[in-house]
Amino acid sequence: MRKKIVAGNWKMNMTKEEGQALISEVVNMAKDEVNSQVVMVLCPPFPHLGYAKKMFQSQANIFLGAQNCHEKTSGAYTGEVSASILKSFDVDYVILGHSERREYFQESDELLKLKVDQALANQLTPIFCCGESLAQRQAGSGFIEFVCGQITQSLFHLSSEQFAKVVIAYEPIWAIGTGLTATSAQAQEMHAALRKHIASQHGQKLADEISILYGGSAKPSNTPELFACPDVDGGLIGGASLKSRDFIDIAKSFKW
Ligand SMILES: O=C[C@H](O)COP(=O)(O)O
């Protein structure tokens with residue numbers, strides 16, 4: 001059975017004190033309330049990575065994620081962080097290709113390919129984001145091909161053994177932070193198409209093992225329906241991951 005994952009992307013939020021309080025609440029609530037088979041990933045800004053892991057070391061289903069890594073191994077790249085540095089801080093996952101990175105930092109499919117390689121070479125699990133813009137969705141056709149194309153461009157150079165280690169996050173750009181959520185039918189349609197696309201390259205067995213998360217204004221009121229879709233394996237959560245109650249309730253949205 002493929003993994004059910006709820007990842008919280010804090011983006012550029014939370015001071016040290018706020019972050020510590022949030023993690024401690026999430027850890028305590030998860031212990032009592034969340035099925036231990038749900039993989040929970042906390043992705044705070046870089047400075048929090050230094051202390052965060054120690055706060056949930058005893059909890060086997062909570063993992064640490066970063067929000068980005070550099071495409072090179074090391075060197076004179078002021079302000080950047082490599083995958084090997086992240087690994088040395090016990091980071092497990094790294095979000096790559098988020099639409100905010102693509103838009104504000106001009107990250108291309110080609111660059112993301114290199115970042116994915118760095119992540120895998122350092123035993124980090126990439127949470128690879130893909131998704132179409134509002135204009136592409138409103139055009140009414142071609143958006144599924146566009147999103148599958150992002151996977152082709154940045155991930156299809158991987159061997160099947162490498163691809164099996166990747167988590168995909170479908171995040172329609174028009175749903176991120178807007179309050180507009182994809183309907184469960186829209187999410188299911190895209191997730192099924194992505195799985196079919198992966199199967200065309202790596203076979204059905206591997207495609208069936210890949211976790212594909214949904215992201216975009218996910219909240220406790222809509223995740224039960226979204227997570228009930230056969231091809232939706234969890235969520236990449238932005239705003240709602242900053243509130244412990246909401247994040248925990250989202251992690252409780254799976255039907256078993
Ligand atoms: O990485 C998370 C996504 O960008 C979703 O953000 P959101 O839940 O605030 O819409």
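In which strand is N9 found? N9 is found in strand 1, which covers residues 4–9. This is a predicted model.

**Strand 1 and N9**

- Strand 1 is largely enclosed by the rest of the structure, because 6 of its 6 residues are buried.
- Both faces of this strand are covered. K4, V6 and G8 are buried on one side, and I5, A7 and N9 are buried on the other.
- Strand 1 pairs with strand 2 in the parallel sense, over 6 bridges. K4 has V38 of strand 2 as its bridge partner.
- N9 counts as buried because it has 26 C-beta neighbours inside 10 Å, where 20 or more are required.
- Not counting residues up to four places away in sequence, N9 touches C43, Q67, I95, L236, I237, G238 and S241.

**Annotated binding site**

- An unreviewed UniProt entry places the feature "binding site" at N9, W10, K11, G177, S217, G238 and G239.
- These positions are spread over 231 residues of sequence but cluster in space, with a largest C-alpha distance of 13.8 Å.
- S217, listed in that UniProt feature, lies in the loop between strand 7 (212–214) and helix 11 (223–227).
- S217 is buried, with 20 other C-beta atoms within 10 Å.
- Leaving aside neighbours within four places in sequence, the contacts of S217 are A175, T178, G179, L180 and T181.

**Around the ligand**

- The ligand is surrounded by 14 residues. The closest of them are N9, I176, G215, G238 and G239.
- Sorted by class, this shell holds 5 nonpolar, 8 polar and 1 charged residues.
- N9, G238 and G239 are among the closest residues to the ligand, and the UniProt record also lists N9, G238 and G239 in its binding site feature.

**Nonpolar core**

- The largest nonpolar core has 73 residues. Within this core, A7, M40, V94, I127, F128 and I168 touch the most other members.
- Strand 2 (residues 38–43) gives the largest share of this core, 6 residues.
- A7, one of the core residues with the most contacts to other members, is also one of the buried residues of strand 1.
- V94 touches G65, A66, C69, A83, L86, A119, L124 and P126, not counting residues up to four places away in sequence.

Methods
Residues are numbered from 1 along each chain as its sequence is written. This is a predicted model: local features need pLDDT of at least 70, side-chain atom pairs count only at pLDDT 80 or more; totals for chains, interfaces and linings use all residues. A nonpolar core is a set of buried Ala, Val, Leu, Ile, Met, Phe, Trp, Tyr and Cys residues joined through C-beta atoms within 7 Å. A residue is buried if 20 or more other C-beta atoms lie within 10 Å of its own, exposed if 12 or fewer, and partly exposed in between; C-beta atoms are placed from the backbone. Helices (H or I, at least four residues) and strands (E, at least two) are DSSP runs, numbered from the N terminus. Two residues are in contact if their C-beta atoms, placed from the backbone, lie within 7 Å. UniProt positions are given in the numbering used here, feature names are shortened, and annotations may be inferred rather than shown by experiment. A residue is near a molecule or strand if its C-beta atom, placed from the backbone, lies within 6 Å of it. Ala, Val, Leu, Ile, Met, Phe, Trp, Tyr, Cys and Pro count as nonpolar, Asp, Glu, Lys and Arg as charged, and the others, Gly among them, as polar. Two strands pair if DSSP finds at least two bridges between them.
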